[in-house]
Amino acid sequence: MKKAFFIISLSLILLSKVNAIAATFNADKKILIFSLTKGFRHKSISNGIIAVKKLGSEHGFQVDTSESVSSFTKENLSRYRSIIFLNPTGSNVFNERQKQALVDYIHNGGGLLGIHAATDFCYEWEWYGKLIGAYFVSHPKVQSAKLITTKTHRQLMKKIPSEWQHTDEWYNFKSFNKQVKVLMQVDENSYEGAKMNGSHPIVWYHHFEGGRVFYTGLGHTPESYTNEVFLQQLLNAIEWTMGK
């Protein structure tokens, strides 16, 4: 009887340790999608959340979602390997403590993936502008355009074609951070409404103040989130920003 009790007790202790290790492992593979909108709200946000959660289930990372600035505390952000800014919009969104939480997160090696309207966000915050790489200024109608690879990167450009025809809303940018490394440009001769004088970055990345940051100007349309090439781009970016 005593032996049986000992075995059961030992089993419970071992199980609790396994669960603790598993919890730590899973927290190590967690990302947060933030999609709060204070201005225009993209219909594709729900499609993006579904798509990223599907990528997570297929590739072994967990996904939390939030539309609350209260998520931006040092303690909460430390739970995540990467944050996705999925089409957030608006200015003066965060208070100073919340801004500092994001700064600390990046300084501690956190990753951030900005999708499309992540450049239509926090215009008043100069640090954020440098982090994300540029600010949105205008766009023409949704239309097809040709994307051209300008820089190779073994992980970020894995399975991405060197030229790619895609339909989306093509942002024109201002306040461009020239320190970012541009991976793809839009061929301004391939569509109407371009205003960047023939040099039109649309996908880029950089190491910024200790963190990893990736931005794609794609992701306006709901259909983007079923496009295999765009999903591959998101997967590459998520894994890279997580430090995988």
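In the predicted model, L113 lies opposite F214 of strand β11. This pair belongs to the parallel pairing of strand β4 (residues 111-115) with β11, which extends over five bridges. Strand β11 itself spans residues 211-216 and is mostly covered, with five of its six residues buried.

Strand β11 also pairs with strand β10 (residues 201-208), here in the antiparallel sense and over six bridges. Within this pairing, F208 has G211 of β11 as its bridge partner.

Helix α2 (residues 45-59) packs with helix α6 (residues 228-241) at an angle of about 65 degrees, and the axes are 11 Å apart. The crossing of these helices is right-handed. On the α2 side the contact is made by A51, V52, L55 and H59, and on the α6 side by L231, L234, L235, I238 and E239. By class, the residues of this contact comprise seven nonpolar, one polar and one charged.

Regarding confidence, the protein chain has an average pLDDT of 92, and 89% of the residues score at least 70. Over residues 4-14, however, pLDDT stays under 50, and the model has zero contacts beyond four places in sequence for this stretch. Residues 17-27 likewise stay under 50, with two such contacts beyond four places in sequence. Where pLDDT is low, predicted coordinates should not be read in detail.

Key:
Residues numbered from 1 in each chain as written. Predicted model: local features only at pLDDT ≥ 70, side-chain atom pairs only at ≥ 80, totals over all residues. Heavy atoms only, no water. Buried < 20%, exposed > 50% of the residue type's maximum accessible area, 1.4 Å probe, protein only. Helix = DSSP H or I, 4+ residues; strand = E, 2+ residues; numbered from the N terminus. Pairing = 2+ DSSP bridges. pLDDT = per-residue confidence, 0-100. Contact = heavy atoms within 4.5 Å. Axes fitted to C-alpha atoms, helices over the stretch in contact; angles between N-to-C directions. Left-handed = near helix turned anticlockwise from the far one by under 90°. Nonpolar A, V, L, I, M, F, W, Y, C, P; charged D, E, K, R; others polar.
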